[in-house]
Amino acid sequence: MAKTMAKKKVKAAKPKTKPEKAAKAQMAPAKSEPPKAMVTVYIMGKAHKVPADATIMGAIEYAGYQIKRGAGCREGFCGACATVYRLPGDYKIYTGMACMTLVQEGMWLSQLPAIPGQRPVYDLDKLEPNVGVFQKLYPEVFRCVACNTCTKACPQDLEVMDYIQAAKQGNIEKVMDLSFDCLSCGLCAIRCPAEIVHYNVGILAKRLYGKYLRKNSDHLDKRLKEVKAKKYDTEYKEMMKMKKDELKKKYYARDSE
Amino acid sequence: MYPDYMHDSLKKVDETRQKRLELERSGKNVFPPMTAEEREDVLNKFHPDYKPESRRKINVGPNKGESLTTEVADMLESHSRIDPQLFNLSKPDYETDILIVGAGGAGCAAAIIARQNGARSIISTKLRMGDANSMMSQGGMQAAVTEKDSPPIHYLDAMGGGHFDNKPDLVRALTEDGPEVVKWLEDLGVVWDKNPDGSMYVLHGGGTSRKRMHSCRDYTGAIIMRTLMDEVRNHPDDIKVLEFMPTIELFLDDKGRLAGGILYNMETEEYFTVKAKAVIIATGGYGRLHIRGFDTTNHYGATGDGLIIAYRAGAKLLYMDSVQYHPTGAAFPEQIAGFLITEKIRGAGGQPVNKFGELFVWPREPRDVESAAFIRECLERKNGIQTPSGRWGVWLDSPLIEIIQGDGYINKNFPAMYRQFNRYNIDITKEPMLVYPSLHYQNGGIEINDHCETNLKGLYVAGEATGGVHGRNRLMGNSVLDYNVFGRRAGKFAAEYIKSATIGKLSLKHVTAYENELKKAKIKTDRVAPVLLPLYTSDEVKKRQLTAHYEGTLR
């Protein structure tokens, strides 16, 4: 997982002055005094001076934009803030999540407000967990030329191409495992020369695995039967009738696993 | 990479680790859990809710005269975004059975179950489907499924965690539906963590007396949310999802029954009317109101929009004086300040320690107690670490987990957390994380019964927007369960209701009446709600934003 992590490592922020101000509360973003170290970034072509230790998302907001599309959880789970950028003197297109990527001097960036990704409607109950599913629902998977561009574009450093290859082989467990941490940001899909929508393939594989290929849990089935048979009815009713003090006593006397 | 001045303290954490490991392995509690009196004491002195300025009286609406969280009272005493007179209510733009407000876990679960019960729905959402706190939960979902556990034991844990203020019928629904939710999600394709024999892999959380935390690595919410979204997308004929179109007012009919709502297209700034026989509010929480100036773990749109539209329509709120601060928000580095560090870290053996590397609280106290103890350790005892920007924090000793659970455990079970810190050159398998409480959860909300019904006919509420399930403090893993249990129930009971429900003429009279009430209470304000999005523009920029009149925009 950590294979390409090095390229995104950054130095920790340098200590700033004025600790007493932020100490009042653990404050929400409020940037009344610009910190000393600033860099110039080009947000959709327009130059802005922003704090050198800002994330791309922080920089966009610092510059005065109110984000509508392009921000979601802001913690690296939802995939709303896919961003592409170039750096000075470098021909490469880089990709990242705006909430997780730090700005650099001369960065030229643009957020992708939405990614067009095809997704057929299907009935999970009627699918069979084998290679035929991918042939039917996502035939473009088989156009993969193994160029590895998707893997290079992945902000989570997932082995995207490997899971597409696994899909071609019908290895659903491997697709599930390798795509598990996918954010559905879509950066793989817009870079793919075979026009595959990788993240939707990953979701399908996870659902197939969870429904059809998992090992069943006997104790769960047993508990479901017990609940259905109203086994806990009396115990519930007793506790629900208890006065607060009585319940409190029971709570503090309870044993722990 | 931690700054040099923290190295002495980091060394102390290293030095005390062996002793703390032995303590953990002894099977005894690593620190004495607090008694009821000790809990009360630390909460009274250090929990942000208990400061006098944290609450104020609300002067309008169904809860008039009650003391509520200050920022919530401010938000409720706000103007509507619309002038009711401008709307033609005789020709709605959309018609459906159920209007679902919010496309997080509760909204999606409700839509799926409502459809199975024969009801069509429109989901109105401010951002994209799944842009919700549901997506972000890392640690897991509680459900009593093991032999040592039972739903009533889960009930007792939840009641104690909520200081016995929880509504008993709601806690019974929560805990008794738990096992079924595990199975339902599994059949929809959620990949739960399991033991090699197929049994569920479960851990402890704060305030649990049995191991019942189910997880999907530390992407629990993301896996569940994406599964629910994917299922919603499989039914485009019955479930219509309108993104970037929040519901900003509700319709009542001439008999006071819910009859739909007004949607605002945030991009074109148009308003659309939806006529529906029932409404389910599933708008989640309010972390982005940054209560008491705290950082938050919440997603960008968590501004409590459902509270205000329901309140204007006459819905009663419960426990809106109680805010949950998650004990372990990131305090360093600055860029991720406030981010959630899952409680599962402590469930797996991670210990909070002070700058001397010493334990100062039992790691599995309920969240409010644990948070208050962290604040006490920093602000009163001064045994915390201060960051370069002045934030306080205590260490959360994650390297201990690798020793307890074996090498590679963190990478396998906490990939999101590992990534998060590795970006800033902090390897959490070798160095601890610096943490401080972060604004996390809206304990209170719109009052419901175990059918998700409110005091208004046809109004259903599910998930974080509700009040009563968790009393005044929620336990870890009960919110993921909550949005599933009550999302499903709201879908089911709303679908049953619409079979015989009729609606009369659409009305916005309650919006006009609320404005009059504000006037009568002599409240003069330019606040407008729903808030929709927080504003993070720098002061430098604001100084130059001098347009005399804004029309229709978010500002």
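User: In which loop of chain B does Pro530(B) lie?
Analyst: Pro530(B) lies in the loop between helix H15 (509-520) and helix H16 (539-544) of chain B. Please keep in mind that this is a predicted model.

User: What kind of peptide bond joins Ala529(B) and Pro530(B), cis or trans?
Analyst: The bond between Ala529(B) and Pro530(B) is cis, with omega at about 5°. A cis peptide bond also joins Phe332(B) and Pro333(B), where omega is about -5°.

User: And where is the place of Pro333(B)?
Analyst: Pro333(B) is found in the loop between E13 and H9 of chain B.

User: What is phi of Arg292(B) near?
Analyst: Phi of Arg292(B) is near 55°, which is a positive value in a residue other than glycine. Arg292(B) belongs to the loop between strand E11 (271-281) and helix H8 (305-313) of chain B.

User: Changing topic to the two chains. How many residues of each are in contact?
Analyst: In chain A, 83 residues are in contact with 93 residues of chain B.

User: Which elements of chain A give two or more residues to that contact?
Analyst: They are helix H1 (19-23), helix H2 (56-62), helix H8 (198-213), helix H9 (218-228), helix H10 (233-241) and helix H11 (244-252) of chain A. The largest share of this side, seven residues, comes from H8(A).

User: What is the make-up of that side by class?
Analyst: The side of chain A that touches chain B has 41 nonpolar, 13 polar and 29 charged residues.

User: Take H11(A) as one example. How do its axis and that of H5(B) cross?
Analyst: The axes of H11(A) and helix H5 (residues 151-161) of chain B come within 10 Å and cross at roughly 110°. That angle makes H11(A) roughly perpendicular to H5(B). The crossing of these two helices, H11(A) and H5(B), is left-handed.

User: Which residues meet there, between H11(A) and H5(B)?
Analyst: From H11(A), Leu247(A), Lys250(A) and Tyr251(A) meet Leu156(B), Met159(B) and Gly160(B) of H5(B). By class, this contact of H11(A) with H5(B) has four nonpolar, one polar and one charged residues.

User: What about packing within chain B: at what angle do H4(B) and H7(B) pack?
Analyst: Helix H4 (residues 105-116) and helix H7 (residues 220-233) of chain B pack at an angle of about 40°, and their axes are 9 Å apart. H4(B) passes H7(B) in a left-handed crossing.

User: Into which domains is chain B divided?
Analyst: Chain B is divided into domain 1 (4-50 + 324-439) and domain 2 (84-129 + 137-271 + 285-301 + 314-322 + 443-479 + 498-507). Their centres, taken over C-alpha atoms, are separated by 30 Å. The contact takes 29 residues from domain 1 of chain B and 28 residues from domain 2 of chain B.

User: Which elements give two or more residues to the domain 1 side of that contact?
Analyst: They are strand E13 (323-330), helix H9 (344-347), helix H10 (367-380), helix H13 (415-422) and strand E17 (433-442) of chain B. E13(B) gives the largest share of that side, four residues. By class, the domain 1 side has twelve nonpolar, eight polar and nine charged residues.

User: And what domains does the assignment give for chain A?
Analyst: The assignment gives domain 1 (36-113), domain 2 (124-213) and domain 3 (218-252) of chain A. Between the centres of domain 2 and domain 3 of chain A, taken over C-alpha atoms, there are 43 Å.

User: Last topic, the sheet of five strands in chain A. What is the order of its strands?
Analyst: The order is E2-E1-E5-E3-E4 (chain A), in an open sheet with mixed pairing.

User: Why is one side of E2 and of E4 left without a neighbour?
Analyst: Strand E2 (46-51) and strand E4 (94-97) of chain A stand at the edges and each has a single partner strand, so one side of each has no neighbour in the sheet. From one strand to the next, the twist averages 35°.

User: In which sense do E3 and E5 of chain A pair, parallel or antiparallel?
Analyst: Strand E3 (residues 82-86) and strand E5 (residues 108-111) of chain A pair in the antiparallel sense over four bridges. Thr83(A) stands opposite Gln111(A) in E5(A).

Methods
Residues numbered from 1 in each chain as written. Chains lettered and ligands numbered in written order. Predicted model: local features only at pLDDT ≥ 70, side-chain atom pairs only at ≥ 80, totals over all residues. Contact = placed C-beta atoms within 7 Å. Nonpolar A, V, L, I, M, F, W, Y, C, P; charged D, E, K, R; others polar. Domains from an automatic or database assignment. Pairing = 2+ DSSP bridges. Axes fitted to C-alpha atoms, helices over the stretch in contact; angles between N-to-C directions. Left-handed = near helix turned anticlockwise from the far one by under 90°. Parallel < 35°, antiparallel > 145°, perpendicular 65-115°, else oblique.
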